[in-house]
Structures are given as structure tokens and as C-alpha cells.
Amino acid sequence: MTEITRERKRVERRYAAAIVIMAAVCLAVAVVELSSGASSISPADSILALFGIGTPQDVNTVQAVRLPRVVCAMVSGAGLALAGAALQSVLENPLAS
């Protein structure tokens, strides 16, 4: 195996690990955001309420108010990231390549 191939595999493993870590952080932030608000709900109760388990008030609060807010924030953030990456590619920024 050549040195370039080993180096490329090492870089790909590093990228894969970074993606997994970023996904875990995104999931943790989503759980924190589901549990934060005007009414205090613990993170464990907010996860249960997400699946319809718990008090009716917690389930309604999480599913009707907080979940749409979290999903909207994630989708808009992903859209902004894609738009920024596309703009950097169109402008041929060497930092984006």
C-alpha cells in the first residue's frame, strides 16, 4: 500500500469521526432545546414527550411548540450552510476547496 493511500484513508477516517461527533452534538443541542422554555421539563421527560409518553401538558408542549421550533432552526441552519458553501464555490474561494 502506498503512503498516499494510507494518508488518504487516515484523513477519511478523521472526516468520518468528525461527522459522527458533529451529529452527536447536534442531537444533544436538540434535546436541550426541547427541554428548555417557559415551562420546565427535564431532558428525559422531553424525550419521552416527543414519543407521546408523559403528562398531556408535556406532550402538547413538546410536540406542538418546541419540536417545530427545533426542526425549523435545524432546517434553516442547514440551508444557510448549503447556501454559503455554494456561494464560496461559485466565487472560487481557495479556502472552500
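Tutor: Contact here means heavy atoms within 4.5 Å. The model is predicted.

Student: Which residues does Thr61 touch, not counting residues up to four places away in sequence?

Tutor: Thr61 has its place in helix α3. Residues up to four places away in sequence are not counted. That leaves Ser39, Ile41 and Arg66.

Student: Is Thr61 buried or exposed?

Tutor: Buried means under 20% relative accessible area. Thr61 has a relative accessible area of 17%. Thr61 is therefore buried.

Student: Which residues make up the largest nonpolar core?

Tutor: In soluble globular proteins, nonpolar side chains tend to be buried together. Here the largest such core has seven residues. They are Ala30, Leu34, Ile41, Ala49, Val59, Val62 and Val70.

Student: Which helix gives the most to this core?

Tutor: Both α1 and α3 supply at least two residues each. The top contribution is three residues. It comes from α3.

Student: How are α1 and α2 oriented to each other, roughly parallel or roughly perpendicular?

Tutor: Helix α1 spans residues 3-35. It packs on α2 at an angle of about 90°, with the axes 8 Å apart. Angles of 65 to 115 degrees count as roughly perpendicular. So α1 and α2 are roughly perpendicular.

Student: Which residues of α2 meet α1?

Tutor: On the α1 side, the residues are Val31, Leu34 and Ser35. By class, this contact has five nonpolar, two polar and no charged residues. The α2 residues are Pro43, Ser46, Ile47 and Leu50.

Student: What is the angle between α2 and α3?

Tutor: Helix α2 covers residues 43-50, and helix α3 covers residues 56-90. Their axes lie 8 Å apart. The angle makes α2 roughly perpendicular to α3. Its value is about 80°.

Student: Which residues of α3 make the contact with α2?

Tutor: From α2 come Ser46, Ala49 and Leu50. The contact has five nonpolar, two polar and one charged residues by class. The α3 residues are Asp58, Val59, Val62, Gln63 and Leu67.

Student: How many salt bridges does a search of the whole structure find?

Tutor: Side chains of opposite charge can pair when their charged atoms come close. Arg8 forms one with Glu12. The search of the whole structure finds two.

Student: How far apart are the closest N and O atoms of Arg8 and Glu12?

Tutor: Both residues lie in helix α1, four residues apart, about one turn of the helix. Arg8 is exposed, with 58% relative accessibility. Glu12 is partly exposed, at 44%. The closest N and O atoms are 3.1 Å apart.

Methods:
Residues are numbered from 1 along each chain as its sequence is written. This is a predicted model: local features need pLDDT of at least 70, side-chain atom pairs count only at pLDDT 80 or more; totals for chains, interfaces and linings use all residues. Side-chain values use heavy atoms; hydrogens and water are left out. Axes are lines fitted to C-alpha atoms, for helices over the stretch in contact, and angles run from 0 to 180 degrees between N-to-C directions. Angles under 35 degrees count as roughly parallel, over 145 as roughly antiparallel, 65 to 115 as roughly perpendicular and the rest as oblique. Ala, Val, Leu, Ile, Met, Phe, Trp, Tyr, Cys and Pro count as nonpolar, Asp, Glu, Lys and Arg as charged, and the others, Gly among them, as polar. A nonpolar core is a set of buried Ala, Val, Leu, Ile, Met, Phe, Trp, Tyr and Cys residues joined through side-chain atoms within 4.5 Å. Buried means under 20% relative accessible area, exposed over 50%, partly exposed in between (1.4 Å probe, protein chains only). A salt bridge is a side-chain nitrogen of Lys or Arg within 4 Å of a carboxyl oxygen of Asp or Glu.
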